[in-house]
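Hi,

Here is the structure I promised to hand over. Please open it and keep it beside this email while you read.

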Amino acid sequence: MSQPAITRIGVAIDIPEPWGSALTRRRAEAGDPQAAYTPAHVTLLGPTEVAADALPAVEKHLEAIASAQAPFTVHLRGTGTFRPITEVVFVTLAQGISECELLAEAITRSEDINRDTRFPYHPHVTVAQDVPAGALDSVFEDLAGFSARFEVSAFTLFSHGGEGPWQPRRDFPLGR
């Protein structure tokens, strides 16, 4: 009996312009190879494998979550790090944390999404990961004064075929 087809998905809030490209560019300047494949975003569901035939049910679940969540404001401000646990520097959320936490928790309630996480969910925008300590320190300092405020009116389901960048599959407007 053959194994069911599996696809890798993720769910995220895109960072709008001009901030998204600026944060992605700074990540690339730090030498982080993921900058070429993953634009700046707030993760709601990290890379997760699901059965390909479960995607319609996952999308229906995401529709219900999105329609129940009103649009909200995210304020990105300053930097943080997960060091020494993981070699990551990120831009922090000063506003919108609880909305992101509620969305992330609701997304993982789908019976088709089986996500085993090593760490508790913490909404953030990664700006350097798995680069030399000096590069992490530099990004941490360079973006310490970063600030951006924007309205979140949707989140996006992404898929990844194993090569190249993550591809947007579908946007889910909030509050409809």
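Bear in mind that this is a predicted model. Four strands form an open sheet in the order 2-1-7-8, with antiparallel pairing. Strand 2 and strand 8 (167–173) are the edge strands, and each of them pairs on one side only. From one strand to the next, the twist averages 20°.

Now zoom in on one pair. Strand 7 and strand 8 are joined by 6 bridges in the antiparallel sense. Look for T156: it stands opposite D171 in strand 8.

Two helices come next. Helix 3 packs on the sheet and touches strand 1, strand 2 and strand 7. Its direction makes about 5° with that of strand 2. Helix 2 lies across strand 1, strand 2, strand 7 and strand 8. It runs at about 40° to strand 8.

Which residues of helix 3 are buried? They are C100, L103, A104, A106 and I107. Seen down the helix axis, these buried residues fall within an arc of 165°, so they line one face of helix 3. The partners of the buried residues of helix 3 include helix 2 (55–68), strand 3 (72–81) and strand 4 (88–95).

Last, the core. The largest nonpolar core has 43 residues. L23, L62, L76 and F155 touch the most other members. Helix 2 gives the largest share, 5 residues.

Best wishes

Definitions and conventions
Residues are numbered from 1 along each chain as its sequence is written. This is a predicted model: local features need pLDDT of at least 70, side-chain atom pairs count only at pLDDT 80 or more; totals for chains, interfaces and linings use all residues. Side-chain values use heavy atoms; hydrogens and water are left out. Buried means under 20% relative accessible area, exposed over 50%, partly exposed in between (1.4 Å probe, protein chains only). The arc is that of the directions from the helix axis to the C-beta atoms. Contact means heavy atoms within 4.5 Å. A nonpolar core is a set of buried Ala, Val, Leu, Ile, Met, Phe, Trp, Tyr and Cys residues joined through side-chain atoms within 4.5 Å. Two strands pair if DSSP finds at least two bridges between them. Axes are lines fitted to C-alpha atoms, for helices over the stretch in contact, and angles run from 0 to 180 degrees between N-to-C directions.
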